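Trainee: Hi! Could you walk me through this one?
Mentor: Happy to, let's look together.
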Amino acid sequence: MGLLESLAEGLRLVATLELRLWEIVGLSLAVSLSAVLLATIAGLPIGAAVAVGRFPGRHAVVVTLNALMGLPPVVVGLAIYLLLSRAGPLGPLGLLFTPGAMVIAQTVLIAPIIAALCRQSVEDAWTEYEEQLRSLGVEGVRAALTVLWDIRFSLLTAVLAGLGRASAEVGAVLIVGGNIDGVTRVMTTTIVLETSRGDLPLALGLGAVLIAIVLALNAAAYLVKEAARRRYG
Amino acid sequence: MILPLRLDDVSFAAGGRTLIERVSLEIGAGPSTILLGANGAGKSLLMRLMHGLLAPSSGRVVWNEPQNGRRPRQAMVFQRPVMLRRSALANVVFGLKVSGVDPGEREKAAIEALEEVGLAAAAHWPARVLSGGEQQRLALARAWALHPEVLFLDEPTANLDPGATREIENVIKAFDAAGTKIVMSTHNLGQARRVGDEIVFVHEGRVLERAPVDTFFKQPATAEAAAFVKGELPWG
Amino acid sequence: MGIAHAALIGFITVASTTSTEQSGLFRHLLPIFENKTGIQVRVVALGTGQALDMGRRGDADVVFVHAKPLEEKFVAEGYGVKRFEVMYNDFILVGPKSDPARVNGTKDIVAALQKIKAAQAPFASRGDKSGTHFAELQLWKAAGVDIAKDKGPWYRDTGSGMGPALNSASGMNAYILADRATWLSFKNRGDLTISVEGDRRLFNQYGIILVNPAKYAHIKKDMGQAFIDWVLSAEGQTAIAEYKIGGEQLFFPNAGK
């Protein structure tokens, strides 16, 4: 079967699939969105602090953050697996092979992305705002928060980059989740499974669904940013 | 009264170069003071030292009353206006909020300030869609709303066309007439004459001359000032 | 049909192999057990070596694999309580229709391997410490071939599970040893067909072992044992026999035989 025929067959299969597909899509979104939320809570303050702060070794921190954006998902997966395994330090938590482990792994993976991109955005804005804010008597943390709030819509870009990475990766969630049917099976791990079973049309169909979801999220974010730009300038 | 402001032997160096050299100056209440000089003479640096945005490398900057790290009774308008991504009104309200004005009074005071500069109609527009001249007027409104004793202005019309420039100068003169001490830097001779009462001539990081505006332009005391007035000084 | 649904009381983690999961056996078998007992069975499918490692780390309550010597070692080392035989399926040699080694349709797997080596025909190996990989190595040994020393460019070590290895074999038109179950549900066959089957040496025995609770206090020994007991029971064995793909039975229960 050619590529297009496989894709068409895949989409037909996907359309006729019942509850399982939506369970898988739902879990994928739940895991990645949770990870993005946690990664933003962790990464945003770090990014802003590094952007605004002046401390020895700052350059090294910036370079490190940028480098960590390229953390290989399988390596993160392996590290978290060793941590969460019963034979490992956090074993008693019993988190291995649960969606929780997948959220943890993805959070570790994308927090540096959000921190690094946020740092860049805040640093650019800081050069613009800092002096005027200081003249008005706004300094330090208060000034940083003012700037963060002002550029909140462009921070959306950093968050989206993190979400894109999380939805697309398979290495981390496969290792720490175990791809358990009905429990930790997400879109990307299902694609791996169906590919390895030789069911390429279904794998392609799922891939198309994944891309469509990511596209939709990006389109939504674009619209939000446009509306904000018109409203706030 | 936070005036007079005294600079005692103030120097400022950065990157291994001395940019402001041993300036001693007293700025008193009353006449509007123009820091005049070519681009790169050090006017902006000197103003930032006065306003406290920079710390001198040596010497002291002393106000009549201690500022305690806050400077609500001074305000500064920069060459490029910096507005938050909010409405014009909200930007003025922001300035009032961080100065500790009561929530109930902020909006009223902000609207008054906008009326003073002729921007009342644009109150609810996003500040960043206003033109350069309008944003600069907005910056003036934001500063004015704080009722500062001293208003610093760093080349406020350098980026504006003649029409907008005149509007800004009129607003500044109105504030001056209402009793705010104006300290403004410019390299524009005409503007210095229109707005200023006294000239502080800055050249290569030093204050070379200080005189009432008419005296300065009719009879500059130093060769550099004379050259500048004739338009013969190189651009920094 | 009226299958009663017992209320969910908990779950166990079972480490098994990719070939078993991909055969679809668990989708058929586990709901029967879950409905009856309320115990959810979560299967993590890896290669046999990895599955046993999972048991050694205490990350699984039960291991269910098909490599008898490795399983016996697992129990001897104290990681497993006891090994029980459950079922068998068979391996088949799959190869290209063009049959460069001239072995298609023969019945002797050892002779076939010798011919493949002599012809230097492309051969794909799983190379992943799995039960299938282990079986393949044993067969080379039986054929008198020291495959580690004598392999050449014709021997392709894919380092992957059964499905991906079949994909590779299909793409390379290579011979490959596969379990019948995965082959029957494999949809990307290309030019591959069954070359050799039916040799007793292709017999693939499955064993099930409870991970030793003495090693790890958290092992769910009661629920794990319940699963093992059920799989070995008449009901479980019947369910295994009833699993078919295209009308063909894949697994032959032989507990206690």
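Trainee: How many residues of chain A and chain C does the contact take?
Mentor: The contact takes 14 residues from chain A and 20 residues from chain C, where in contact means that two C-beta atoms, placed from the backbone, lie within 7 Å. On chain A, the side touching chain C divides into six nonpolar, four polar and four charged residues. Asp, Glu, Lys and Arg count as charged, Ala, Val, Leu, Ile, Met, Phe, Trp, Tyr, Cys and Pro as nonpolar, and the others, Gly among them, as polar.
Mentor: A caution: this is a predicted model, where local features need pLDDT of at least 70, side-chain atom pairs count only at pLDDT 80 or more, and totals for chains, interfaces and linings use all residues. Residues are numbered from 1 along each chain as its sequence is written, and chains are lettered from A and ligands numbered from 1 in the order in which they are written.
Trainee: And how many residues from chain A and chain B?
Mentor: That contact takes 13 residues from chain A and 18 residues from chain B.
Trainee: Which element gives the most to chain A's side there?
Mentor: α5(A) does, with six residues. Helices (H or I, at least four residues) and strands (E, at least two) are DSSP runs, numbered from the N terminus.
Trainee: New topic: what does β3(C) pair with?
Mentor: Strand β1 (residues 10-17) of chain C runs parallel to β3(C), joined by three bridges; strands pair if DSSP finds at least two bridges between them. C:S16 has C:F64 of β3(C) as its bridge partner. Four bridges join β3(C) to β9 (residues 203-211) of chain C, and these run antiparallel.
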